[in-house]
Number of protein chains: 2
Amino acid sequence: MSRAAVLTSQVSDFPRWYQDVVAKAQLADNGPVRGTMVIRPYGYAIWERMQAELDARIKDAGAQNAYFPLFIPESYLQREAEHVEGFSPELAVVTHAGGKDLEEPIVVRPTSETIFGEYMAKWVQSYRDLPLLLNQWANVVRWELRPRVFLRTSEFLWQEGHTVHATQADAAAYARRILHETYAAMMVDVLAIPVIPGIKTPKERFAGAAHTLTCEAMMRDGKALQMGTSHEMGQNFARAFDIRFLDAEGERPYAWTTSWGASTRMVGGLIMTHGDDSGLRIPPRLAATQVVVTMVKAGEGVAELAGTLVDDLRAAGVRVALDDQVAVAYGRRAVDWELKGVPVRIEIGPRDVTAGTVTVVRRIPGTKTPTPVAGVVAAVEEALSADQAALLREAEEFRDSRTVDVATIDEATEAAGSGWARIPWAAVGEEGEARLAESAVTVRCLLRPDGSVPEAEDEPDLIAIVGRSY
Amino acid sequence: MSRAAVLTSQVSDFPRWYQDVVAKAQLADNGPVRGTMVIRPYGYAIWERMQAELDARIKDAGAQNAYFPLFIPESYLQREAEHVEGFSPELAVVTHAGGKDLEEPIVVRPTSETIFGEYMAKWVQSYRDLPLLLNQWANVVRWELRPRVFLRTSEFLWQEGHTVHATQADAAAYARRILHETYAAMMVDVLAIPVIPGIKTPKERFAGAAHTLTCEAMMRDGKALQMGTSHEMGQNFARAFDIRFLDAEGERPYAWTTSWGASTRMVGGLIMTHGDDSGLRIPPRLAATQVVVTMVKAGEGVAELAGTLVDDLRAAGVRVALDDQVAVAYGRRAVDWELKGVPVRIEIGPRDVTAGTVTVVRRIPGTKTPTPVAGVVAAVEEALSADQAALLREAEEFRDSRTVDVATIDEATEAAGSGWARIPWAAVGEEGEARLAESAVTVRCLLRPDGSVPEAEDEPDLIAIVGRSY
């Protein structure tokens with residue numbers, strides 16, 4: 001069961017390792033149009049589970065799902081100055097439809113702030129209509145010159161929430177609720193990715209936002225990945241789209257809006273946070289298949305025992321699959337299940353039937369334990385719970401081991417060669433950001449000294465987390 | 001609680017009634033780009049439940065979800081002659097992206113046969129890879145000159161399945177399995193819409209298909225709506241995209257493919273099958289909210305009793321919501337719940353608390369029954385089950401009462417003024433279809449005399465179902 005030929009090692013060439021995993025675990029292929037991707041069933045099953053977990057938390061936060069059109073009149077984008085400037089270089093434009101040239105070009109949505117704004121203005125009449133909390137699951141298009149599957153694609157899948165509030169305080173509280181209770185909670189508890197919630201610098205803000213909140217994760221090459229963002233839009237979009245409401249005093253002030261999104265990029269983050277030289281490692285809580293019961297070879301009683309274990313595990317609420325492909329060499333199948341990162345594999349061969357034991361193989365710690373048949377369900381439940389926690393702990397330790405406190409831009413740039421630097425924001429500022437940018441290093445987010453998320457970027461004593469990023 | 005002003009009546013102006021329901025039940029709005037729609041939360045919740053029910057049945061049929069790109073090179077469509085001819089007039093074309101004019105124009109997918117074909121050809125190597133059963137949930141674009149919300153929109157949401165098989169027989173059996181066990185079963189059992197499965201005439205076939213199977217439903221104005229289709233593609237797409245496989249004899253024959261889709265059009269079908277002059281009537285099995293517990297006005301013990309009933313119903317597995325908006329006049333709320341078609345409404349006022357009874361209002365039969373508090377859960381469960389069956393029965397009776405057996409094209413045309421005609425296909429043929437078309441009447445599908453679905457359109461003794469359609 002040599003693995004030498006399966007994947008490039010992470011240490012020798014991390015980007016190549018990533019491409020290898022994506023291809024060999026059959027997660028995705030490149031699409032025919034530049035920068036697009038075909039998400040294959042195994043990759044899509046990961047995304048479906050992420051969707052389900054996020055969707056439940058979005059509904060818990062009181063937001064309702066809706067669906068807005070793919071096509072946006074070009075004029076909508078132009079109503080908010082920073083927004084149009086931010087997105088213009090990335091737009092795909094439809095100029096011809098139904099056999100004719102169009103009078104006004106149509107933009108394929110790069111994000112939907114503008115079209116939500118147009119309709120929310122109609123739906124919001126009085127303070128009784130607020131807050132208005134909407135979300136949609138959709139595809140969006142941002143033309144990518146340097147695409148990378150899941151991480152930067154010209155089309156990607158995401159959810160985008162858009163909300164309207166009566167006060168700045170209510171909008172700020174909601175944007176933070178989504179950051180912590182929806183995004184960070186799901187990413188930490190389900191994806192086992194120890195994201196750091198923080199606030200972006202003005203330079204790194206979303207186009208048109210007053211403040212951008214972010215969840216930043218460290219990948220196994222030491223680079224950062226932005227896993228989700230939540231934006232306080234202030235009154236910028238309310239002014240651009242005339243979102244006003246009759247308040248209790250009979251005035252019609254502008255409302256305050258937020259928007260927030262997380263995308264298929266999370267799949268890339270999952271791969272690069274937990275993957276190793278044998279392939280993926282899927283956190284048990286996320287895994288669509290938590291356990292695969294594998295028949296090593298045919299033999300008396302093997303299929304029956306495998307069937308019994310599948311039934312017992314399913315009855316215990318475990319998501320289980322059966323691998324009965326005994327015509328395929330077992331070594332090849334074992335390598336494939338490791339590549340795919342299924343948390344637990346149960347091996348059953350003819351001798352196991354006689355002995356009344358099976359082998360429980362745990363992908364995350366990499367252990368193999370002979371286990372009496374009667375103890376399998378309990379052993380699996382314990383393994384799934386322990387390994388979920390172990391993945392998170394391992395990722396935390398890795399991140400902390402690659403993060404250093406520094407005092408100068410030069411030191412920060414050097415630290416960013418292998419991980420992150422923590423540096424007083426006062427020692428960076430706009431000028432420092434420009435110097436970091438010369439080495440492709442950015443401020444990922446700003447934190448308070450106690451690690452909590454600031455109200456704004458200009459609070460005193462903030463710490464900047466600095467690194468290279470995807 | 002006068003209803004005169006709420007909706008146009010079905011009898012006086014059915015299309016206007018439809019528009020009124022869509023607007024007043026807050027299902028959808030027209031989008032800013034011609035023919036697009038904004039699906040509002042109440043409409044989207046209906047679609048989400050349809051998706052969940054269909055997705056479970058698609059997975060039961062062994063298909064796996066994947067996601068293919070929105071953008072397709074124009075050249076792909078041109079590889080299958082009938083396909084490009086069928087879709088060319090409806091295409092939206094991206095000519096400009098990332099700040100530049102594109103060398104090759106990109107088509108926004110009107111359907112994904114061609115791009116699935118390209119990749120399935122790579123993934124299928126040998127007979128061991130077959131059948132390959134894929135599905136995707138996606139948006140597609142077909143430019144509409146006469147759009148109508150949910151029924152014909154320039155962008156719509158759907159699922160499209162694409163499968164590859166080793167033999168014609170296997171492909172035909174799978175296309176039929178989807179027709180009956182996935183589409184018809186879900187539409188009859190969940191949507192309570194008594195669809196008729198049949199086969200399309202060559203004139204009405206999908207562009208590029210060998211046979212098109214369909215589920216046809218009758219709306220309350222007597223017109224037909226195509227609710228879902230399943231296509232046997234023969235080897236047309238396999239030849240165009242070189243989908244071949246190594247068979248057991250060492251040959252590399254072309255494979256046989258199918259495709260099948262159902263869309264947000266089903267929401268329109270639901271409205272027009274069950275709606276009445278008071279609004280929607282949602283089948284209990286579909287309803288995201290099956291029961292709304294309404295506080296008629298504030299009063300001692302009202303909120304407590306309402307809370308208890310919500311908890312009891314939820315514990316019994318009922319999907320229940322609370323309406324505690326006592327500041328809004330009850331008559332207005334009652335009209336709104338009727339418009340939205342929630343199957344059961346429970347009214348609780350201060351006198352009910354004293355009496356120990358509440359009023360159970362059933363939207364489908366239109367009854368109001370005082371019910372002892374202790375009997376509410378049982379009464380609700382019985383109502384949900386009975387009313388699901390009643391809706392289906394009512395729709396069946398309506399359809400049968402509007403269907404007549406005729407012998408000539410003239411009689412068929414006349415019958416299509418108020419419903420459907422059944423006529424021997426031998427009395428219609430291509431020439432008859434052309435004559436029907438002069439009165440905007442079409443053959444909806446062909447059936448065997450016993451009502452079963454023919455293998456092909458040229459079987460003897462087939463019956464044509466003829467009508468106007470959406």
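Two strands are taken to pair if DSSP finds at least two bridges between them. Helices (H or I, at least four residues) and strands (E, at least two) are DSSP runs, numbered from the N terminus.

## Basis of the report

This is a predicted model, in which local features need pLDDT of at least 70 and side-chain atom pairs count only at pLDDT 80 or more, while totals for chains, interfaces and linings use all residues. Residues are numbered from 1 along each chain as its sequence is written, chains are lettered from A and ligands numbered from 1 in the order in which they are written, and side-chain values use heavy atoms, with hydrogens and water left out.

## The five-stranded sheet of chain B

In chain B, strand S13 (residues 291–295) is joined to S14(B) by 4 bridges, and the two run parallel. Within this pair, B:Val291 has B:Val320 of S14(B) as its bridge partner. Both strands belong to an open sheet of 5 strands in chain B, with the order S14-S13-S15-S16-S17 and mixed pairing. Strand S14 (320–323) and strand S17 (367–372) of chain B are the edge strands; each has a single partner strand, so one side of each is left without a neighbour in the sheet. From one strand to the next, the twist averages 25°.

Angles here run from 0 to 180 degrees between N-to-C directions, with axes fitted as lines to C-alpha atoms, for helices over the stretch in contact. Contact means heavy atoms within 4.5 Å. Helix H9 (residues 302–315) of chain B packs on the sheet and touches S13, S14, strand S15 (344–348) and strand S16 (357–362) of chain B. The direction of H9 makes about 170° with that of S13(B). Helix H12 (residues 376–401) of chain B lies across S13, S15, S16 and S17 of chain B, and runs at about 150° to S15(B).

Buried means under 20% relative accessible area, exposed means over 50%, and partly exposed lies in between (1.4 Å probe, protein chains only). Helix H10 (residues 330–340) of chain B is largely enclosed by the rest of the structure, because 8 of its 11 residues are buried. Those buried residues include B:Tyr330, B:Arg333, B:Trp337 and B:Glu338. The buried residues of H10(B) pack against H1, helix H2 (41–60), S13, S14 and S15 of chain B. After H10(B) comes B:Gly341, with a positive phi near 75°.

Helix H1 (residues 14–24) of chain B has buried residues B:Phe14, B:Trp17, B:Tyr18, B:Asp20, B:Val21 and B:Val22. Their cover includes strand S1 (28–30) and helix H8 (265–274) of chain B. Just after H1(B), a positive phi of about 55° is found at B:Gln26.

In strand S11(B), 10 of the 11 residues are buried, and the strand is mostly covered. Strand S10 (residues 211–218) of chain B is joined to S11(B) by 8 bridges and runs antiparallel to S11(B). The hairpin of S10(B) and S11(B) has 5 residues between the strands, and B:Gly222 takes a positive phi near 85° there. S11(B) is also joined by 5 bridges to strand S12 (residues 256–263) of chain B, again antiparallel; B:Glu232 stands opposite B:Thr258 in S12(B).

B:Ser230 is located in strand S11 (residues 224–234) of chain B, opposite B:Leu213. B:Ser230 is buried, with a relative accessible area of 0%. A polar atom of the B:Ser230 side chain lies 2.8 Å from the backbone oxygen of B:Ala175. Leaving out residues up to four places away in sequence, B:Ser230 touches residues including B:Ile178, B:His211, B:Ser259 and B:Trp260.

## Nonpolar cores

A nonpolar core is a set of buried Ala, Val, Leu, Ile, Met, Phe, Trp, Tyr and Cys residues joined through side-chain atoms within 4.5 Å. The largest has 82 residues, and A:Leu27, A:Met50 and A:Phe150 are among those with the most contacts inside it. Helix H6 (residues 168–189) of chain A gives the most to this core, with 8 residues. A second, separate core of 78 residues includes B:Leu54, B:Ala184, B:Met187 and B:Ile193.

## An exposed loop position in chain A

A:Ala426 lies in the loop between strand S19 (420–424) and helix H14 (429–437) of chain A. A:Ala426 is exposed, with a relative accessible area of 79%.

Terms used: Polar contact = N/O pair within 3.5 Å; in protein donor to acceptor, adjacent residues only side chain to side chain.
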